[in-house]
Amino acid sequence: MDLDMAQVRAFVRVAEELHFGRAAGTLGLSQQALSKRVARLESLLGTTLLHRGGVGLTEAGRRFLPAARQALAAADAAVAAVTPDGRRGGRPLRVDVWGHLYAPMRTLAEVAGGVADDITGGAGELALGHGRDLPSVTAALLRGDADAAFGRVHPPLHPALSHRLVRLEPVDAVLSADHPLAAEPALRPDQLSGGLLWAPGALDRLDFLHRFAERFGVRDIATGVNLGLAHFLAEVTHDPRRFSLLPADVPVPDVPGLRCVPLVDPTPLYAWSLVWRTGHGHPGLARLTAACAARAGRARWLEYDPARDWLPEPPSGP
């Protein structure tokens with residue numbers, strides 16, 4: 001029996017989305033075309049894989065799904081191994097990022113800078129995407145427009161995606177030099193509860209800031225427009241009550257009247273993770289994951305002490 005991989009891909013995408021319309025959109029197909037592909041696959045296999053009323057997997061569909069993902073991964077890897085791209089063979093590993101205000105590329109550059117050829121299998125570069133947020137990056141991964149992504153993961157993550165924690169970065173408070181606490185050498189997070197948290201967008205889309213405000217009793221919150229880090233920090237200085245949060249290693253622009261103060265007792269940690277579609281077969285993905293683990297070990301990026309540090313979601317392991 002010879003499987004048509006386009007039909008297998010159609011089934012897997014519907015199984016992941018549990019919605020024919022959404023699945024069709026991620027594949028660039030009409031819903032009718034997608035339904036036909038799944039029906040032909042079921043006809044070939046001689047069994048029903050999906051319930052059509054409220055979309056769900058049949059028992060046969062549940063058994064078929066893991067093997068179908070493996071088959072797709074093998075097919076993708078085979079294509080990647082022989083696809084010419086004008087370089088030295090293989091295509092670049094396509095990596096998307098999100099959380100741009102916090103400069104995710106500086107961490108990814110530390111990991112990949114010296115091993116790009118090894119990661120991409122000789123392609124010589126990473127192809128970088130420009131995702132806006134986790135939902136848009138998730139869509140890119142599910143469509144196959146990106147091989148991996150890097151940023152802060154917060155639940156619920158799509159069930160078709162896997163992730164690995166790469167870095168836990170301490171977070172500083174950034175505030176106006178006229179803020180009542182600006183002269184302190186360090187601050188406890190709860191000391192900021194009476195201040196005005198300045199956010200670069202709607203708080204329901206900024207999970208880390210949202211969770212920080214809930215945990216440490218920050219009630220006054222105001223939002224601006226994300227026009228880049230320098231603009232955002234300049235806005236913080238416009239009001240002596242304002243403060244915000246920034247990972248400690250982010251290069252801070254020279255903004256007059258701005259103070260960066262470490263947070264302690266506990267120290268908030270911003271969690272950076274590598275994300276990919278489960279079963280994805282680009283050969284550079286395993287090498288990138290290994291490079292992340294090696295760099296994290298050398299730089300002690302994953303140190304976490306619950307008595308000293310705060311995370312919205314404590315890690316279950318490296």
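Which residues does L192 touch, not counting residues up to four places away in sequence? Keep that question in mind while we look around this predicted model.

Let's start with the whole chain. It has 318 residues, and 47% of them are buried. Its secondary structure consists of ten helices and twelve strands. Now think about which parts of the sequence meet: among contacts with a separation of 6 or more, 74% are between residues 24 or more positions apart.

Next, step inside. In soluble globular proteins, nonpolar side chains tend to be buried together. Here, the largest nonpolar core holds 53 residues, and L192, F212, F243 and L245 have the most contacts inside it. Back to our opening question: L192 touches A173, L175, L181, L187, F212, V218, F243 and L263, leaving aside residues up to four places away in sequence. Another core lies apart from this one; it has 20 residues, including V8, A15, A23 and L34.

Helix 1 covers residues 5-17 and helix 3 covers residues 31-45; their axes are 8 Å apart and meet at an angle of about 110°. Because angles of 65 to 115 degrees count as roughly perpendicular, helix 1 is roughly perpendicular to helix 3. Helix 1 brings A6, Q7, V8, A10, F11 and V14 to the contact, while helix 3 brings L34, R37, V38, R40 and L41. What kinds of residues are these? Eight are nonpolar, one is polar and two are charged.

Terms used
Residues are numbered from 1 along each chain as its sequence is written. This is a predicted model: local features need pLDDT of at least 70, side-chain atom pairs count only at pLDDT 80 or more; totals for chains, interfaces and linings use all residues. Side-chain values use heavy atoms; hydrogens and water are left out. Axes are lines fitted to C-alpha atoms, for helices over the stretch in contact, and angles run from 0 to 180 degrees between N-to-C directions. Helices (H or I, at least four residues) and strands (E, at least two) are DSSP runs, numbered from the N terminus. Angles under 35 degrees count as roughly parallel, over 145 as roughly antiparallel, 65 to 115 as roughly perpendicular and the rest as oblique. Contact means heavy atoms within 4.5 Å. Ala, Val, Leu, Ile, Met, Phe, Trp, Tyr, Cys and Pro count as nonpolar, Asp, Glu, Lys and Arg as charged, and the others, Gly among them, as polar. Buried means under 20% relative accessible area, exposed over 50%, partly exposed in between (1.4 Å probe, protein chains only). A nonpolar core is a set of buried Ala, Val, Leu, Ile, Met, Phe, Trp, Tyr and Cys residues joined through side-chain atoms within 4.5 Å.
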